[in-house]
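Here is a short report for a reader new to this structure.

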Amino acid sequence: MTPVIAARGLTKTFGDLTAVDGIDFEVPAGESFGLLGPNGAGKSTTMRMVGAVSSRTAGDLRVLGLDPDAHGPEIRSQLGVVPQEDNLDPELKVRENLIVYGRYFGIPKAVCAKRADELLAFAQLEDKARNKVDDLSGGMKRRLTIARALINEPRILMLDEPTTGLDPQARHVLWDRLFRLKERGTTLVLTTHYMDEAEQLCDRLVVVDHGRIMAEGSPSQLIRQYASREVAELRFGSDRNADAAARLEGLAERIEVLPDRVLLYTDDGEALLERVTDLGLHPTTSLVRRSSLEDVFLRLTGRSLIE
Ligand SMILES: Nc1ncnc2c1ncn2[C@@H]1O[C@H](COP(=O)(O)OP(=O)(O)OP(=O)(O)O)[C@@H](O)[C@H]1O
Ligand SMILES: [Mg+2]
């Protein structure tokens, strides 16, 4: 089966800056695919090239089998796009935002109206249908933008940082809606710098940094490949972490010293904590957890994803 998106050597430069540096990836139909990376990694630039709103500098790109340089309108009519910054029309009421957007695609008014009602129900915004966009909370605006992106029944839904800036509860409501779309078989392409979001929603993801792909796989594959089963997080106090880490050398598969804590990668965190105490070291706090994509990112880039 041909993938719905195929990129080879995809590159975008802005003057001297290489924002996307020759990346290769493929997305099969029905997959939930993620680009995980920090600020400035090139995620939005990649999304804009796939969305046929920005042309590539070099490389090859096919979206739904078509070249975006030659078939922009045809591709755009089959995509749903949730941009990083909400661009809802504040002049229009909530329901009108959906209908007017659908009309841009040449969808008949009666069809738009019917879909708008279904999508408002899906986005849990039925009781806001006649409100102004500015009356909505951040999470509601995001849900409305997703509803709007679905009005043309797209084959691929592109979401650029769907939950950035939302509180935890609003993020969970949004994840639930996106999970339902995934269950229905909608192809999702999303960017995020939240590893928990990537773990929740992505079947497969690429870790990007400085315009390059650092690793690719399912969340569990990446964790298995780049981290140990568990991590012990120890805090000795900011000015003592480095000294303590030096004394812990050899105790774990790998040790990372962060400004506020020491991370020890191991298969058995509790056993390791006992050996730390046996050495006469007493951290002010200690915590054992499963490894996550955050640890994968740290391993790959030497930096933490959280600012
Ligand atoms: N239109 C543009 N003109 C010049 N430079 C740009 C333009 N768009 C993006 N860039 C630069 O390209 C790089 C990648 O930007 P991009 O927005 O793709 O990153 P991102 O991964 O989406 O980051 P964020 O997480 O902050 O949204 C950055 O250094 C950015 O400043
Ligand atoms: Mg971005």
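Which residues in H3 meet which residues in H5? Val94, Asn97, Leu98 and Tyr101 in H3 meet Leu144, Ala147 and Arg148 in H5. Here, two residues are in contact if their C-beta atoms, placed from the backbone, lie within 7 Å. The residues of this contact of H3 with H5 divide into 5 nonpolar, 1 polar and 1 charged. For these classes, Ala, Val, Leu, Ile, Met, Phe, Trp, Tyr, Cys and Pro count as nonpolar, Asp, Glu, Lys and Arg as charged, and the others, Gly among them, as polar.

This is a predicted model: local features need pLDDT of at least 70, side-chain atom pairs count only at pLDDT 80 or more, and totals for chains, interfaces and linings use all residues. Residues are numbered from 1 along each chain as its sequence is written, and chains are lettered from A and ligands numbered from 1 in the order in which they are written.

## The chain as a whole

The chain has 307 residues, and 41% of them count as buried. A residue is buried if 20 or more other C-beta atoms lie within 10 Å of its own, exposed if 12 or fewer, and partly exposed in between; the C-beta atoms are placed from the backbone. The secondary structure comes to 11 helices and 13 strands. Helices (H or I, at least four residues) and strands (E, at least two) are DSSP runs, numbered from the N terminus.

The C-alpha trace spans about 75 × 45 × 35 Å along its principal axes. The chain is divided into domain 1 (5-218) and domain 2 (228-290). These bounds come from an automatic or database domain assignment. The C-alpha centres of domain 1 and domain 2 lie 40 Å apart. Among contacts between residues at least 6 apart in sequence, 68% join residues at least 24 apart.

## Helix pairs

Axes are lines fitted to C-alpha atoms, for helices over the stretch in contact, and angles run from 0 to 180 degrees between N-to-C directions.

| Pair | Axes come within | Crossing angle |
|---|---|---|
| H3 and H5 | 9 Å | roughly 25° |
| H5 and H6 | 9 Å | roughly 15° |
| H8 and H11 | 9 Å | roughly 50° |

Angles under 35 degrees count as roughly parallel, over 145 as roughly antiparallel, 65 to 115 as roughly perpendicular and the rest as oblique. The axes of H3 and H5 cross at roughly 25°, which makes H3 roughly parallel to H5. Their crossing is right-handed. A crossing is left-handed if the near helix is turned anticlockwise from the far one by less than a right angle, and right-handed if clockwise.

H5 (residues 138-149) and H6 (residues 168-183) cross at roughly 15°. That makes H5 roughly parallel to H6. H5 passes H6 in a right-handed crossing. On the H5 side, the contact is made by Gly138, Gly139, Arg142, Arg143 and Ile146; on the H6 side, by Ala170, Val173, Leu174 and Arg177. By class, this contact of H5 with H6 has 4 nonpolar, 2 polar and 3 charged residues.

H8 (residues 219-226) and H11 (residues 293-301) cross at roughly 50°. H8 and H11 are therefore oblique to each other. H8 passes H11 in a left-handed crossing. Pro219, Leu222, Ile223 and Tyr226 in H8 meet Leu293, Val296, Arg299 and Leu300 in H11. By class, the contact of H8 with H11 has 7 nonpolar, no polar and 1 charged residues.

## Around H3

Which residues of helix H3 (residues 94-104) are buried? They are Val94, Arg95, Asn97, Leu98, Ile99, Tyr101 and Gly102. What covers these buried residues includes helix H4 (109-122) and H5. Just after H3, Gly106 takes a positive phi of about 75°.

## Two loop residues and a strand residue

Most residues other than glycine have a negative phi. Ala52 has a positive phi, near 60°. Ala52 is found in the loop between helix H1 (43-50) and strand S4 (58-63). Ala52 counts as buried because 23 C-beta neighbours lie inside 10 Å.

Leu64 also has a positive phi, near 55°. Leu64 lies in the loop between S4 and helix H2 (72-76). Leu64 is partly exposed, with 18 other C-beta atoms within 10 Å.

Thr11 sits in strand S1 (residues 5-14). Is Thr11 buried or partly exposed? Thr11 is partly exposed, because 19 other C-beta atoms lie within 10 Å. Leaving aside neighbours within four places in sequence, Thr11 is in contact with residues including Thr18, Val20, Arg56 and Thr57.
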